[in-house]
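Visitor: I would like to learn how to read the features of a protein model. Could you walk me through them?

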Amino acid sequence: HIIVLFGPSGCGKSTVGEHLQEKCSFEFLEGDKYHSKDNVEKIKSGTTLNDLDRAMWLRDLSTAATTATSDHEVVIVSCSALKRNYRRVFRSAQHEDSKIRLHFLFLQMSEEKAEMLVEQRQQRNSHYMPKSSVRSQFEILEIP
């Protein structure tokens with residue numbers, strides 16, 4: 001099984017993924033660790049990633065999740081997956097391996113709450129995304 005925890009920055013994807021890893025011994029792939037250096041620099045500067053910027057990241061993350069299923073019964077992935085097209089990247093991996101069961105869990109919260117949490121995370125120096133980028137994520141978010 002691959003479970004994709006998705007939603008905008010600040011909604012708790014990493015927190016939930018780490019909790020499931022700790023409590024259930026599931027494999028957890030932190031999606032932010034799969035961004036290229038160029039993507040990270042863009043995000044740090046407040047530049048919104050475009051579809052092309054995200055394409056390689058999504059492909060690499062989806063491939064890593066699929067590969068991890070050979071050693072783990074359940075793989076948890078944190079990924080913003082804001083648009084339906086982004087979620088389709090994971091679905092295409094499922095089509096390549098019919099044994100994989102794919103699940104999406106949308107973590108929803110208000111934009112105001114997400115901004116507050118991202119700002120708190122920034123103050124702890126625990127993430128590179130600035131609070132100013134939260135708005136752009138909500139602008140492109142396609143709620144399932």
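This is a predicted model: local features need pLDDT of at least 70, side-chain atom pairs count only at pLDDT 80 or more; totals for chains, interfaces and linings use all residues.

Visitor: Let us begin with the core. Which residues of the largest nonpolar core touch the most other members?

Guide: A nonpolar core is a set of buried Ala, Val, Leu, Ile, Met, Phe, Trp, Tyr and Cys residues joined through side-chain atoms within 4.5 Å. Buried means under 20% relative accessible area, exposed over 50%, and partly exposed in between, with a 1.4 Å probe and protein chains only. Here the largest core has 25 residues, and those touching the most other members are Ile 2, Val 4, Leu 29, Leu 61, Val 77, Cys 79 and Phe 90.

Visitor: Which helices and strands each supply at least two residues of this core?

Guide: Helices (H or I, at least four residues) and strands (E, at least two) are DSSP runs, numbered from the N terminus. The suppliers of at least two residues each are strand 1 (2-6), helix 3 (51-68), strand 3 (75-78), helix 4 (84-96), strand 4 (102-106), helix 5 (111-123) and helix 6 (134-140). Helix 3 gives the most, with 6 residues. Another core, of 6 residues, lies apart from this one and includes Leu 5, Phe 28, Val 74 and Leu 107.

Visitor: What does Leu 29 touch, not counting residues up to four places away in sequence?

Guide: Contact means heavy atoms within 4.5 Å. With those neighbours left out, Leu 29 touches Tyr 34, Leu 61, Ala 64, Ala 65, Val 75, Ile 76, Val 77 and Ser 78.

Visitor: Now the rings. How many aromatic pairs does a search of the whole structure find?

Guide: Rings of Phe, Tyr and Trp (its six-membered ring) pair if their centres lie within 6.5 Å; planes under 30 degrees apart count as stacked, over 60 as edge-to-face and the rest as tilted. The search finds 3 pairs. One of them is the tilted pair of Phe 6 and Phe 106, with 5.1 Å centre to centre and 35 degrees between the planes. Phe 6 lies in strand 1 and Phe 106 in strand 4, so this pair ties together parts that are 100 residues apart in sequence. Both Phe 6 and Phe 106 are buried.

Guide: Phe 90 and Phe 104 form an edge-to-face pair, 6.5 Å centre to centre with 85 degrees between the planes. This pair joins helix 4, where Phe 90 lies, to strand 4, where Phe 104 lies, and so ties together parts 14 residues apart in sequence. Phe 90 counts as buried at 2% relative accessibility, while Phe 104 counts as partly exposed at 25%. Ring pairs link Phe 6, Phe 90, Phe 104 and Phe 106 into a cluster.

Visitor: What else is Phe 90 in contact with, leaving aside neighbours within four places in sequence?

Guide: Its contacts include Val 4, Leu 58, Leu 61, Ser 62, Val 77, Cys 79 and Leu 102. The C-alpha atoms of Phe 90 and Val 4 are separated by 8.6 Å, although these residues are 86 apart along the chain.

Visitor: How many disulfides are there?

Guide: A disulfide is a covalent bond between the sulfur atoms of two cysteines. The rule used here asks for a pair of cysteine sulfur atoms within 2.5 Å, and the count comes to 0. The sulfur of Cys 79 is 11 Å from the closest cysteine sulfur, in Cys 11, which is too far for a bond. Cys 11 counts as buried at 11% relative accessibility, and Cys 79 counts as buried at 1%.

Visitor: Where is Ser 25 found, and is Ala 81 buried or exposed?

Guide: Ser 25 is in the loop between helix 1 and strand 2 (27-30), and its phi is near 60 degrees, a positive value in a residue other than glycine. Ser 25 is exposed, with a relative accessible area of 64%. Ala 81, in the loop between strand 3 and helix 4, also has a positive phi, of about 40 degrees, although it is not a glycine. Ala 81 is buried, with a relative accessible area of 0%.

Visitor: Finally, what joins the side chains of Glu 111 and Arg 135?

Guide: A polar contact is a pair of N or O atoms within 3.5 Å; within protein, one must be able to donate a hydrogen and the other to accept it, and residues adjacent in sequence count only if both atoms are side-chain atoms. Such a contact, of 2.3 Å, joins the side chains of Glu 111 and Arg 135. Glu 111 is in helix 5 and counts as buried at 15% relative accessibility.

Note on methods. Residues are numbered from 1 along each chain as its sequence is written. Side-chain values use heavy atoms; hydrogens and water are left out.
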